[in-house]
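Trainee: I am new to this one. Please show me the sequence and the structure, and then I will ask.

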Amino acid sequence: MNWKDEKKRFACAWAGVMAAVKEEVHMRIHIALAVVAIIAAAIFHISRMEWLILLLTIGSVIALELINTAIERVVDLVTADFHPLAKAAKDIAAGAVLVAAIVAVIVGITIFLPYLV
Ligand SMILES: Nc1ncnc2c1ncn2[C@@H]1O[C@H](COP(=O)(O)OP(=O)(O)OP(=O)(O)O)[C@@H](O)[C@H]1O
């Protein structure tokens, strides 16, 4: 393993995360909600298992938003014209984020509701 190449790969991957944060409003919304959830988790002293589930859920949503953004970029690179396959690719990628976001809301309610009532 060449550490110089690894460092370069990490820098490219981090630049990808930063580009998505800068360019995608939904990514910034996901991050803002994740910060709120993490602060609430710290305030309520949630259990170790709840932390694991919360962090896995946050990671899933953010990772899927990154993949969705990458798919949007590739579709836009391939065609600027309306194409049913371009629509399907973007809509399915957006659907993946939607599914993860719905699961995140359910996880959030399941974890935090018992601390609130
Ligand atoms: N080339 C295309 N051909 C057909 N439909 C498209 C095409 N590009 C976009 N669409 C449709 O328009 C919708 C919005 O596309 P857009 O590229 O604005 O993505 P978005 O999900 O709104 O992303 P962003 O967060 O960047 O605004 C897509 O989900 C898709 O249904």
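Trainee: Leaving aside neighbours within four places in sequence, which residues is Glu65 in contact with?

Mentor: First, the ground rules. This is a predicted model: local features need pLDDT of at least 70, side-chain atom pairs count only at pLDDT 80 or more, and totals for chains, interfaces and linings use all residues. Residues are numbered from 1 along each chain as its sequence is written. With contact meaning C-beta atoms, placed from the backbone, within 7 Å, the partners of Glu65 are Ala20, Glu24, His26, Met27, His30 and Val97.

Trainee: Is Glu65 buried or exposed?

Mentor: Count C-beta atoms, placed from the backbone, within 10 Å: 20 or more others is buried, 12 or fewer is exposed, in between is partly exposed. Glu65 has 25 such neighbours, so Glu65 is buried.

Trainee: Which feature does UniProt place at Glu65?

Mentor: Glu65 sits in helix 3, residues 48-78. Helices are DSSP runs (H or I, at least four residues), numbered from the N terminus; strands are E runs of at least two. UniProt annotations may be inferred rather than shown by experiment. The unreviewed entry places this feature at Glu65: "active site".

Trainee: How does Ile38 count, buried or partly exposed?

Mentor: Ile38 lies in helix 2, residues 25-44. Ile38 has 14 C-beta neighbours inside 10 Å, so Ile38 counts as partly exposed.

Trainee: How far apart are the end C-alpha atoms of residues 92-116?

Mentor: The unreviewed UniProt entry annotates residues 92-116 as "transmembrane region". That span is 100% helix and 0% strand. Its end C-alpha atoms are separated by 35 Å.

Key: Two residues are in contact if their C-beta atoms, placed from the backbone, lie within 7 Å.
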